[in-house]
Amino acid sequence: MSTSRSNSLHKTNKYSPQMQCGVFEGFPPTETTVRSITLRDVFSQVPSEISLQLLKVDAQGHEWHCIKGAAEQLPHVDNIFVELQDLVSRHKHMVYEGAMNVARVDSRLEKLDFHRQYCEYNHEAHSEMNCLYTRRGQQPMWVTRRPQLHATPDGRTVIANIDEKPHFAGVKYVSHLETTNHL
């Protein structure tokens with residue numbers, strides 16, 4: 001069996017479960033200099049009259065920090081698709097210490113006029129999922145992170161018409177969230 005590794009600026013929880021055929025663990029810390037750009041900087045390059053239909057955020061436990069840093073630009077975003085875990089805070093199986101769960105992100109995005117439409121599982125056994133949040137007054141859409149090369153005629157992973165039932169392969173939608181009553 002091969003070992004998959006993931007890294008984040010968050011400390012990896014030593015009790016986090018195995019993920020994707022390997023041990024989900026951070027690498028030992030090393031000093032590395034890299035050029036980086038914030039989401040706010042990316043948005044500053046988009047003309048203000050352009051509205052973005054979809055923003056996908058997967059930042060290894062830093063999803064909320066990315067979104068919060070670009071809060072001033074979010075009125076130009078219709079939908080946010082974000083990777084989260086649905087475990088109570090400080091649960092021993094949270095992959096990254098300090099990462100926010102679905103309920104905490106729900107409450108923060110509500111303050112920015114976004115509400116959750118649905119979540120799909122990435123790894124059901126580990127309560128890891130992607131959730132779609134839509135800004136009030138905007139049209140939600142169907143989105144999946146799963147490749148759809150053979151499942152849809154054109155391989156689409158986004159369907160803009162919410163009334164068009166998707167036929168995404170391998171997608172399981174979450175019917176019950178554990179953390180919505182545990183902030």
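This is a short talk on how one protein chain is put together in a predicted model.

I'll start with the overall layout. The chain has 183 residues, and 41% of them count as buried. There are three helices and six strands. Read from the N terminus, the order is α-β-α-β-α-β-β-β-β. If you take the contacts between residues at least 6 apart in sequence, 58% of them join residues at least 24 apart.

Next, the core. The largest nonpolar core holds 23 residues, and the members that touch the most others are Ile 67, Ile 80, Leu 109, Met 129 and Tyr 133. Six elements each give at least two residues to this core: β1 (55-57), α2 (63-69), β2 (79-85), α3 (102-111), β3 (114-123) and β4 (128-135). Take Ile 80 as an example. Leaving aside residues up to four places away in sequence, Ile 80 is in contact with Leu 55, Val 57, Ile 67, Leu 74, Leu 109, Phe 114, Cys 131, Leu 132 and Tyr 133. There is also a second, separate core of nine residues, and Trp 142, Ile 159, Phe 168 and Val 171 are among them.

Now to β4. How many of the eight residues of β4 are buried? The count is eight of the eight, so the strand is largely enclosed by the rest of the structure. That holds on both faces: Glu 128, Asn 130, Leu 132 and Thr 134 are buried on one side, and Met 129, Cys 131, Tyr 133 and Arg 135 on the other.

Which strands does β4 pair with? One is β2, antiparallel to β4 and joined to it by seven bridges. In that pairing, Leu 132 of β4 stands opposite Phe 81. The other is β3, also antiparallel, with eight bridges. Here Arg 135 of β4 is the bridge partner of Phe 114. β3 and β4 make a hairpin with four residues between them, and Ser 127 in the turn has a positive phi of about 55°.

On to α3. Its buried residues are Val 102, Ala 103, Val 105, Asp 106 and Leu 109. Looking down the helix axis, these fall within an arc of 160°, so they line one face of α3. The cover over them includes α2, β2, β3 and β4. As for the ends of the helix, at the start a side-chain oxygen of Asn 101 comes to within 3.2 Å of the backbone nitrogen of Ala 103. After the helix comes Asp 113, with a positive phi near 70°.

Last, the aromatic residues. Searching the whole structure gives three aromatic pairs. One of them is Tyr 118 with Tyr 173, an edge-to-face pair at 5.5 Å centre to centre, with 85° between the planes. These two are 55 residues apart and link distant parts of the chain, as Tyr 118 is in strand β3 and Tyr 173 is in the segment after β6 (158-159). Are the two tyrosines buried or exposed? Tyr 118 has a relative accessible area of 11%, under the 20% cut-off, so it is buried. Tyr 173, at 28%, counts as partly exposed. Ring pairs also bring in Trp 142, making a cluster of Tyr 118, Trp 142 and Tyr 173. Trp 142, as I said, is also in the second core.

Notes. Residues are numbered from 1 along each chain as its sequence is written. This is a predicted model: local features need pLDDT of at least 70, side-chain atom pairs count only at pLDDT 80 or more; totals for chains, interfaces and linings use all residues. Side-chain values use heavy atoms; hydrogens and water are left out. A nonpolar core is a set of buried Ala, Val, Leu, Ile, Met, Phe, Trp, Tyr and Cys residues joined through side-chain atoms within 4.5 Å. Buried means under 20% relative accessible area, exposed over 50%, partly exposed in between (1.4 Å probe, protein chains only). Contact means heavy atoms within 4.5 Å. Two strands pair if DSSP finds at least two bridges between them. The arc is that of the directions from the helix axis to the C-beta atoms. A polar contact is a pair of N or O atoms within 3.5 Å; within protein, one must be able to donate a hydrogen and the other to accept it, and residues adjacent in sequence count only if both atoms are side-chain atoms. Rings of Phe, Tyr and Trp (its six-membered ring) pair if their centres lie within 6.5 Å; planes under 30 degrees apart count as stacked, over 60 as edge-to-face and the rest as tilted.
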